Amino acid sequence: MDDMLDRLEAIISDRQRNPLEGSYTNRLLESGKPAIAQKVGEEAVEVVIAALAQGKNEQIDEFADLFYHAMVLMRALDIGLDDVRARLRQRHQPPE
């Protein structure tokens, strides 16, 4: 589990199973899918703004926020990184 996205997925899953008082992740999960999806949309807009008008550090920060919020939504939808990896592999199979 050296990959940070795998570690983040494990942290989010752990928060869902073992809520931690004051946890932002728990507040998001408790807010429900529509609210989490809205937050993902807001973060996506912030990525676009950063891409067009901010420096690389701000752009990286916004992508990190987008990845995190997308992963919280994935957890709420019971979708894991392995599901996404499998779909990407499927899409990028060399032609037979």
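Q: How many salt bridges does the structure hold?
A: This predicted model holds seven salt bridges. The term means a side-chain nitrogen of Lys or Arg within 4 Å of a carboxyl oxygen of Asp or Glu. Residues are numbered from 1 along each chain as its sequence is written. Local features need pLDDT of at least 70, side-chain atom pairs count only at pLDDT 80 or more, totals for chains, interfaces and linings use all residues, and side-chain values use heavy atoms, with hydrogens and water left out.

Q: Why is the contact of Arg85 and Asp6 called a salt bridge?
A: Their side chains meet at 2.9 Å, N to O. The cut-off is 4 Å. The pair therefore counts as a salt bridge.

Q: What does the pair of Arg85 and Asp6 tie together?
A: Arg85 lies in helix H5 and Asp6 in helix H1 (residues 4-17), so the pair ties together parts that are 79 residues apart in sequence. Helices here are DSSP runs (H or I, at least four residues), strands are E runs of at least two, and both are numbered from the N terminus.

Q: Why is Asp6 called buried?
A: The relative accessible area of Asp6 is 19%. Buried means under 20%, exposed over 50%, and partly exposed in between (1.4 Å probe, protein chains only). So Asp6 is buried.

Q: Which class does Arg85 fall into, with a relative accessible area of 27%?
A: That value lies between the two cut-offs, so Arg85 is partly exposed.

Q: Are Asp78 and Arg75 buried or exposed?
A: Asp78 has 58% relative accessibility, so Asp78 counts as exposed. Arg75 has 18%, so Arg75 counts as buried.

Q: Where is Leu77, and which class does it fall into?
A: Leu77 sits in the loop between helix H4 (56-76) and helix H5 (81-91). With a relative accessible area of 41%, Leu77 is partly exposed.

Q: Which residues make the nonpolar surface patch?
A: Leu77, Ile79, Val84 and Leu88 make a patch of about 290 Å². Patch residues have over 30% relative accessible area and no salt bridge; nonpolar side chains (Val, Leu, Ile, Met, Phe, Trp, Tyr) are joined within 5 Å, like charges within 9 Å. Areas come from the Shrake-Rupley method with a 1.4 Å probe, and for residues only the protein chains shown count as cover.

Q: Why is H3 called roughly antiparallel to H4?
A: The axes of helix H3 (residues 33-53) and H4 come within 9 Å and cross at roughly 160 degrees. Over 145 degrees counts as roughly antiparallel, under 35 as roughly parallel, 65 to 115 as roughly perpendicular and the rest as oblique. So H3 is roughly antiparallel to H4.

Q: How many helices and strands does the chain have?
A: The chain has five helices and zero strands.

Conventions:
Axes fitted to C-alpha atoms, helices over the stretch in contact; angles between N-to-C directions.
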